[in-house]
Amino acid sequence: MKTVSLIVVPTDFSAGSEAAAQQAAWLAGRLGARLHVVHAFVGLTHSAAGVAPGLMDDLRAAEEAMRGQARRDLEAFAERFAREAGGVPVTTALVEAGVSAADAIVRAATEAKADLIVMGTHGRTGLRRALLGSVAERVVRTADIPVLVVK
């Protein structure tokens, strides 16, 4: 059985992410593992082809402000769970998602050489899930490492 030394915890700052982070912190404490908290940033300009140049400048400025806020939120999220994890080492990464948060999460876990991904789900079902998709489901299908999904 492979030991777990690094756990990736994706967050979108939702209640589902918080529940997953709590489980990941508990696991990391028991296993002597480190936590790597990741936020997949989906910007405004990745699909803005054909936008007027003046508007594109405004979009870039808004995107940069959003990116800065996401970094601050990520650091605050990670600090809170580092305290709760009782000394478990925590690192963070803001990863550019393009159009797919799931692909960015899997890429971040691969690059970090993680042993496990612990992530939350919004618990959507039926038509909402079909229309909105499921980041957690796609991560489960595409990751090369185990994924623990916390509802």
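**Figure 1. The salt bridge between Glu-96 and Arg-67 in the predicted model.** In this predicted model, the side chains of Glu-96 and Arg-67 meet in a salt bridge with an N to O distance of 2.8 Å, where a salt bridge is defined as a side-chain nitrogen of Lys or Arg within 4 Å of a carboxyl oxygen of Asp or Glu. Glu-96 belongs to strand 3 (residues 90-96) and Arg-67 to helix 2, so the pair ties together parts that are 29 residues apart in sequence; helices (H or I, at least four residues) and strands (E, at least two) are DSSP runs, numbered from the N terminus. Glu-96 is partly exposed, with a relative accessible area of 39%, whereas Arg-67 counts as buried at 10% relative accessibility; buried means under 20% relative accessible area, exposed over 50%, and partly exposed in between, computed with a 1.4 Å probe on protein chains only. Residues are numbered from 1 along each chain as its sequence is written, and side-chain values use heavy atoms, with hydrogens and water left out. Because the model is predicted, local features need pLDDT of at least 70 and side-chain atom pairs count only at pLDDT 80 or more, while totals for chains, interfaces and linings use all residues.

Figure 2. For the Glu-96 and Arg-67 pair, the N to O distance is 2.8 Å, and salt bridges that share partners join Glu-63, Glu-64, Arg-67 and Glu-96 into one network.

**Figure 3. The salt bridge between Glu-18 and Arg-80.** Of the salt bridges in the structure, which number five, one is formed by the side chains of Glu-18 and Arg-80, at 3.2 Å from N to O. This pair links distant parts of the chain, with Glu-18 in helix 1 (residues 15-31) and Arg-80 in helix 2, 62 residues apart. Glu-18 is partly exposed, with a relative accessible area of 28%, and Arg-80 likewise counts as partly exposed, at 27% relative accessibility.

Figure 4. One cavity of 30 Å³ or more is counted, and the volume of the largest cavity is about 30 Å³. On a 1 Å grid over the protein atoms alone, a cavity is a set of points where a 1.4 Å probe fits but cannot get out, and lining residues have an atom within 4 Å of a point; grid points are joined across faces, edges and corners, and a volume is the space filled by probe spheres set on the points. The lining of the largest cavity consists of Val-9, Ala-21, Leu-35, Val-37, Ala-78, Phe-81, Ala-82 and Val-90. Strand 2 (34-41) and helix 2 (53-84) are the elements that give two or more residues to this lining, and helix 2 supplies the largest share, three residues. The lining residues divide into eight nonpolar, no polar and no charged, where Ala, Val, Leu, Ile, Met, Phe, Trp, Tyr, Cys and Pro count as nonpolar, Asp, Glu, Lys and Arg as charged, and the others, Gly among them, as polar.

Figure 5. Val-139 is placed in helix 5 (residues 135-142) and counts as buried, at 0% relative accessibility. Not counting residues up to four places away in sequence, Val-139 touches Ala-102, Ile-105, Val-106, Ile-117, Met-119 and Val-147, contact meaning heavy atoms within 4.5 Å. Val-139 and Ile-105 are 34 residues apart along the chain, and their C-alpha atoms are separated by 7.3 Å.

Figure 6. Val-149 is found in strand 5 (residues 147-150) and is partly exposed, with a relative accessible area of 35%. When residues up to four places away in sequence are not counted, Val-149 touches Met-119, Thr-121, Ala-136 and Val-140. Val-149 and Glu-137, 12 residues apart in sequence, are 8.9 Å apart in space from C-alpha to C-alpha.

Conventions:
1 Å grid on protein atoms, 1.4 Å probe; cavity = no way out; pocket = protein on both sides within 12 Å on 5 of 7 lines; lining within 4 Å.
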